[in-house]
Amino acid sequence: MSANRATISAIIITKNEQDSLKDCLESLTWVDQIVVVDSGSTDGTLELAKQYTQDVYINQDWPGFGKQKQLAQSYATGDWILAIDADERVDQQLKHNIQNMLLNPPSNTVFNLNELTWVFGRFLRHSGWYYRHIRLYPRELTGYNDNLVHESVVIPTACQVAELDGDILHYSYRNIEHYLVKSAGYAKAWADQREAKGKRATLGQGVLHALGCFCKMYLLKRGFLDGKQGLLIALLSAHSTFVKYADLWARQHDIHYKK
């Protein structure tokens, strides 16, 4: 690669990711800098990360996904940021296309990248789970919003949104238990965020949104083409949708165990 090319930093936030992180880091050996911000791992995540980068930081005072990624970006020095999760990998086609882009990077531009998720034995190419979102952007142009969960990169006014071929491969769930644990965490963060804004919920809303989620994923997004995994993930997603509304509803009614 040309010595005059733009530089790039990969940012990763972690907690107890030793089983996934190695493959992620191996897919990033070509970047100029890897920044890892950990929120209190008790496994071998930190030791593993330090084998690949000196830029390993700890922030146990969890501020939410958006702000934790903002913190990771604050440690980055590259011209460009590639935001990636510990359970993701950059495939060879995407790597090649990013490297070519860095030789002559566009101005005032962010990049939508494909995310292809492996779920319970297969990659989902339907169900609404094969999609693009902003992961690659100039460090001084923008960054992540403040969302506790479902964070996203802020797109500045008049900014161009471009695309690169290739995939970020997402190995999201090891098994059903892992899915349920992660889903519960997302549901809590969603309810925290809504509660902080004074929002309320009913169980009826939970049921309607859950049914809508299933119909959208399995029918409109053709999840049935993803086989049994498509059916399973549509059902699980509907369950997760109901749970987040139920969580917010329960808080409103002060439902908890009393001795």
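I began with Asn108, which is partly exposed at a relative accessible area of 35%. My cut-offs are these: buried is under 20% relative accessible area, exposed is over 50%, and partly exposed is in between (1.4 Å probe, protein chains only). The model is predicted, so I took local features only at pLDDT of at least 70 and side-chain atom pairs only at pLDDT 80 or more, while totals for chains, interfaces and linings use all residues. Residues are numbered from 1 along each chain as its sequence is written, and side-chain values use heavy atoms, with hydrogens and water left out.

**Backbone**

I looked up where Asn108 sits. Asn108 is in the loop between α4 (92-103) and β6 (109-119). Helices (H or I, at least four residues) and strands (E, at least two) are DSSP runs, numbered from the N terminus. The phi of Asn108 is near 50 degrees, positive although the residue is not glycine. I noted Phe120 too, with a positive phi near 50 degrees. Phe120 belongs to the loop between β6 and β7 (122-123). As background, most residues other than glycine have a negative phi.

**Salt bridges**

I counted a salt bridge where a side-chain nitrogen of Lys or Arg is within 4 Å of a carboxyl oxygen of Asp or Glu. The count comes to 14 salt bridges. I went through some of the pairs.

Arg89 and Asp23 form one, at 3.4 Å from N to O. This pair links distant parts of the chain: Arg89 is in strand β5 (residues 88-90), Asp23 is in helix α1 (residues 18-26), and they are 66 residues apart. Arg89 is buried at 12% relative accessible area. Asp23 is partly exposed at 43%.

Next I checked Asp87 and Lys182. Their side chains meet in a salt bridge at 3.3 Å, N to O. Here too, distant parts of the chain are linked: Asp87 is in the loop between β4 (80-83) and β5, Lys182 is in helix α5 (residues 176-196), and 95 residues separate them. Asp87 is buried, with a relative accessible area of 6%.

Then I took Arg132 and Glu163, whose closest N and O atoms are 3.4 Å apart in a salt bridge. Arg132 lies in strand β8 (residues 130-138) and Glu163 in strand β9 (residues 160-173), so the bridge ties together parts 31 residues apart in sequence. Arg132 is partly exposed at 27% relative accessibility.

Which residues do salt bridges with shared partners join into one network? I found Lys188, Asp192, Glu195, Asp247 and Arg251.

**Cysteines**

How many disulfides does the structure hold? I found 0 disulfides, taking a disulfide as a pair of cysteine sulfur atoms within 2.5 Å. Cys215 is in no disulfide, and its nearest cysteine sulfur, that of Cys213, is 9.3 Å away. Cys215 is partly exposed at 38% relative accessibility. Cys24, by contrast, is buried at 0%.

**Helix α1**

Cys24 took me back to α1. The buried residues of this helix are Ser20, Leu21, Cys24 and Leu25. They cover an arc of only 130 degrees around the axis, which puts them on the same side of α1. I took the arc from the directions between the helix axis and the C-beta atoms. The general rule is that an α-helix has 3.6 residues a turn, so residues three or four places apart point the same way.

Last, I asked what the buried residues of α1 pack against. They pack against β1 (8-14), β2 (33-38), α2 (45-50) and β5. Contact here means heavy atoms within 4.5 Å.
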